[in-house]
Amino acid sequence: MFRKMVWGGALAALTLSAPAQAATALRVQLPADIRSIDPGVNRDHNTDGVVLHMVEGLVAYGEDAAPKPLLAEKVDIAPDGKRYTFTLRKGVKFHNGAELTSQDVVWSWNRYMDPKTDWRCLSEFDGRGQVKVLGVTAPDPLTVVFELDRPSALFLTSLARTDCAMAGILHKSSVKADGSFDRPVGTGPFKLGEWKRGEFIRLERFAGYTALPGKRDGFTGAKRPLVDEVRFVVIPDSATAKAALVSGDIDVVPDVANADVAELKGNDRVKLSVVSHMGLVGLIMQTRDPVLANPKLRRAIAAAIDKPELVGSVTDGLGQPNGSVVPSLSAYHGKVQDEDVAYDPAAARTLLAEAGYKGEKITMLANKRYPQSFNAAVVAQQMLQAVGLKVEIEVLEWATQLDRYSKGNYQIQAFPYSGRMDPALSFESITGPKDKQPRKLWDNPEAQALLEKSMVIADPAQRQAIFDDLHRRFLADMPMVMLYNGIAGGASGRRVAGYASSLTSLPRLWEVSVD
């Protein structure tokens with residue numbers, strides 16, 4: 001009764017094939033069906049988690065969020081920063097057996113850059129974003145050259161973006177004779193088997209996969225397919241998915257709520273993998289609001305927040321405080337980024353007096369779609385009231401709160417930002433002119449100038465110095481009280497070996513085996 005009620009046809013298909021596949025089939029929960037199988041097109045986070053098992057790009061994010069070679073063996077950058085030469089790995093094959101060449105890269109790139117493809121990241125490379133790709137050429141079968149209109153420290157980071165499907169390289173047979181998309185013929189460790197809409201997506205092991213040596217490293221490194229089949233089963237209800245995991249009907253649940261992680265810790269049928277990711281969770285403040293315009297009042301709010309207590313409470317002890325816009329996992333998070341406004345209620349009261357605060361009501365917006373964010377608002381409200389701030393919480397639907405954010409129509413919000421893989425992109429999400437972009441938090445011309453430099457200069461040491469300067473300026477202006485980075489908690493059954501959560505919170509099912 002339980003199985004039929006939960007999954008219907010999806011489970012029936014899985015159960016019927018179980019005798020032949022039980023030893024080498026990995027069953028993974030999907031909270032919703034995917035949107036498409038066209039890489040980077042009509043996608044969402046859920047879709048990316050499936051598609052990135054089938055396609056790969058020239059570069060991919062490593063465990064430290066830095067872009068590293070994947071289909072490329074190496075990348076050479078010209079002294080002027082405007083020419084990127086990729087040397088391809090030898091012997092890489094597509095799912096149809098054809099060997100990867102530079103012409104495949106050129107063909108794939110031209111398809112992405114065709115507006116008819118509707119690739120998510122077209123605007124990142126056609127001149128509307130940080131850079132324009134002037135041309136891509138293939139001087140020999142293993143060499144690809146990208147010519148840019150200007151130097152960009154973010155070019156490789158943008159190529160590796162998971163929401164862009166890593167600009168995954170496809171074989172021409174991925175499209176039909178009329179040019180319409182058929183199925184992804186990529187180089188990934190798994191290939192498409194069957195997609196039964198609303199029920200499951202079955203991927204098959206690609207026996208011809210050529211893995212990089214060494215260990216798994218983010219979305220690069222070793223990516224061997226160790227099971228014959230991965231079956232993503234659509235199970236929308238998280239409680240149902242958790243019960244299926246415990247009972248052994250599902251092998252992996254990639255995204256487990258923090259409260260469920262705490263509950264499952266003592267269950268010997270389940271293995272947990274919990275990591276911090278690149279998302280930002282904090283209290284954002286409207287610096288043009290009459291009450292919050294004074295930076296002393298904003299710093300008073302920061303000083304009133306006991307971050308270890310708040311973060312421990314809302315993440316069930318899984319998270320760690322981070323007062324910097326530079327995520328804790330980033331290679332650019334150093335000692336300077338550990339600097340923060342100390343919890344000091346007495347100092348908070350002094351700053352409030354200096355700011356001339358007269359007990360005006362401050363409204364904090366929150367939503368219940370993201371429980372951790374809502375809980376952060378509740379705990380923060382108590383801490384702010386304790387130092388004399390009159391703070392009330394207004395609960396909105398997420399779409400309404402997002403609209404208020406986009407228009408800059410709020411005083412304070414408990415707000416989560418999705419992860420960005422480079423600190424420049426994290427700062428860019430909050431920094432900019434409010435007159436042109438009302439959603440921006442930090443309207444500081446000097447900070448904007450530093451940010452622009454960080455997007456051009458490629459030298460890591462110079463970029464570190466810029467990010468250090470930006471962090472200290474951020475603490476001085478305090479347009480946002482950064483609390484912590486998001487938590488990615490995944491769970492696997494006891495017959496599974498090798499599953500680990502990723503900094504992107506996307507599932508990675510290579511290098512994973514079943515008993």
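Contact means heavy atoms within 4.5 Å of each other. I wrote this down before looking at packing.

**Entry 1. The model**

I noted that this is a predicted model, in which local features need pLDDT of at least 70 and side-chain atom pairs count only at pLDDT 80 or more, while totals for chains, interfaces and linings use all residues. Residues are numbered from 1 along each chain as its sequence is written, and side-chain values use heavy atoms, with hydrogens and water left out.

**Entry 2. Helix α14**

I took helices (H or I, at least four residues) and strands (E, at least two) as DSSP runs, numbered from the N terminus. For accessibility I used relative accessible area: buried is under 20%, exposed is over 50%, and partly exposed is in between (1.4 Å probe, protein chains only).

I looked up α14, residues 398–407, and found Trp398, Gln401 and Tyr405 buried. Seen down the axis of α14, the buried residues fall within an arc of 65°, so they line one face of the helix. The arc is that of the directions from the helix axis to the C-beta atoms. These buried residues pack against β14 (270–285), β15 (361–366) and β17 (412–417). On the face turned away from the buried side I found the exposed residues Ala399 and Lys407. Just after α14, Gly408 has a positive phi of about 70°.

**Entry 3. Gln286**

I then turned to Gln286, which sits in the loop between β14 and α10 (295–303). Gln286 counts as buried because its relative accessibility is 7%. With neighbours within four places in sequence left aside, Gln286 is in contact with Leu292, Gly408, Tyr410, Gln411 and Lys434.

**Entry 4. Strand β7**

I counted two strands as paired if DSSP finds at least two bridges between them. Strand β7 covers residues 143–148, and five of its six residues are buried. Strand β5 (residues 83–88) is joined to β7 by five bridges, and the two run antiparallel; Phe86 has Val144 of β7 as its bridge partner. Strand β6 (residues 133–140) also pairs with β7 in the antiparallel sense, over five bridges, and here Thr137 has Val145 of β7 as its partner. I recorded β6 and β7 as a hairpin with two residues between them.

**Entry 5. The disulfide**

Searching for disulfides (pairs of cysteine sulfur atoms within 2.5 Å), I found one in the structure. The disulfide joins Cys121 to Cys164, with 1.7 Å from S to S. Cys121 lies in the loop between α5 (102–113) and α6 (122–125), and Cys164 in the loop between α7 (155–159) and β8 (190–196), so the pair ties together parts that are 43 residues apart in sequence. The link of Cys121 and Cys164 is left-handed, with -60° about the S-S bond. Both Cys121 and Cys164 are buried.

**Entry 6. Ser454**

Ser454 lies in helix α16, residues 445–454. At 0% relative accessibility, Ser454 counts as buried. Leaving aside neighbours within four places in sequence, I listed Ala153, Ala424, Arg463, Ile466 and Phe467 as being in contact with Ser454.
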